[in-house]
Amino acid sequence: MPTLVLNGVQKSFGKNPVLQGIDLTVTSGQMVCLIGASGSGKSTLLRCMNLLEPIDDGSITLDGIDISEPGYDPQPVRQRIGMVFQSFNLFPHMTALDNALLAPRRVHGTSRAELEPKVVELFSRFGLADRMHHYPDQLSGGQQQRVAIVRALAMKPQIMLFDEITSALDPELVGEVLDVLRQLRSEGMTMVLATHEMGFARELADTVCFLDRGRILESGSPEQVFGAPEQERTRAFLSRVL
């Protein structure tokens with residue numbers, strides 16, 4: 001059964017249309033990569049999926065339930081759909097471990113004693129066991145971004161959204177964050193990524209969607225979108241970035 005289905009999703013900011021009729025189905029265990037120029041609507045699309053932005057028209061359903069209805073409580077949705085942003089947004093006065101423990105303790109009411117072993121295991125899985133008790137300013141950008149991913153995973157989401165999570169990193173730190181995504185991919189996590197990392201999208205995505213001016217202009221397997229794009233606009237974009 002499809003996990004997340006978007007039908008005719010539209011979103012404008014003032015008179016500026018940002019999403020113009022998005023249709024997208026994300027099934028369980030799938031990795032969908034959103035590519036396109038800056039300003040094409042990728043980040044807004046992710047924020048709408050997470051209910052951080054209300055949509056103007058269309059629908060978003062999660063396991064058959066319309067979560068985009070006005071007045072729908074977003075909190076249970078955000079527990080199921082985690083999101084990691086470009087900026088790490090870690091609390092500077094808290095250690096990496098305390099940053100990761102904060103939300104699940106507050107939202108789920110889980111005791112620290114019960115939660116901490118599970119979160120420590122996440123830190124170990126992603127090569128951060130020796131950084132748990134460091135503060136954000138003692139960590140590299142790549143380490144901070146991995147902590148942000150651990151923090152999102154501590155909520156036990158069913159779907160993860162990633163918004164250009166390597167764009168603020170030095171090139172040598174990008175690989176360590178992409179390795180975390182590779183691991184999540186191998187474990188069957190359902191993921192939607194907005195990314196400029198074309199090689200990564202080509203290697204691991206199930207579906208690649210090329211966005212242009214708020215529309216999905218082309219969608220298909222990496223082989224089709226990168227190897228034989230049908231749209232002239234897609235070809236022009238890929239010729240610039242590849």
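## Basis of the model

In this predicted model, local features need pLDDT of at least 70 and side-chain atom pairs count only at pLDDT 80 or more, while totals for chains, interfaces and linings use all residues. Residues are numbered from 1 along each chain as its sequence is written, and side-chain values use heavy atoms, with hydrogens and water left out.

## Annotated domain

An unreviewed UniProt entry places the feature "domain: ABC transporter" at residues 4–238; such annotations may be inferred rather than shown by experiment. Over residues 4–238 the chain is 39% helix and 26% strand, with the end C-alpha atoms 27 Å apart, where helices (H or I, at least four residues) and strands (E, at least two) are DSSP runs numbered from the N terminus.

## Helix α6

The 16 residues of α6 should span 22 Å at 1.5 Å a residue, and the end C-alpha atoms are 24 Å apart, which agrees; the expected span is 1.5 Å times one less than the number of residues. L173, V174, V177, L178, V180, L181 and L184 are the buried residues of α6 (buried means under 20% relative accessible area, exposed over 50%, partly exposed in between, with a 1.4 Å probe and protein chains only).

Seen down the axis of α6, these buried residues fall within an arc of 145°, so they line one face of the helix, the arc being that of the directions from the helix axis to the C-beta atoms. The face turned away from this buried side carries the exposed residues E172 and S186.

## Cavity and pocket

On a 1 Å grid over the protein atoms alone, a cavity is a set of points where a 1.4 Å probe fits but cannot get out, whereas a pocket is an open set with protein on both sides within 12 Å along at least five of seven lines; lining residues have an atom within 4 Å of a point. The structure holds 1 cavity of 30 Å³ or more, and the largest cavity has a volume of about 60 Å³. Its lining includes L178 and L181, and α6 (171–186) and β8 (190–194) each supply at least two lining residues.

The largest pocket has a volume of about 640 Å³. Of the 22 residues that line this pocket, M83, F85, A103, R151 and M155 are the closest to its centre.

## Positive phi values

N89, in the loop between β6 and α3, has a positive phi of about 55° although it is not a glycine, and at 47% relative accessibility N89 counts as partly exposed. R213 lies in the loop between β9 (207–212) and β10 (215–220); its phi is near 50°, a positive value in a residue other than glycine, and R213 is exposed, with a relative accessible area of 65%.

Notes. Grid points are joined across faces, edges and corners, and a volume is the space filled by probe spheres set on the points.
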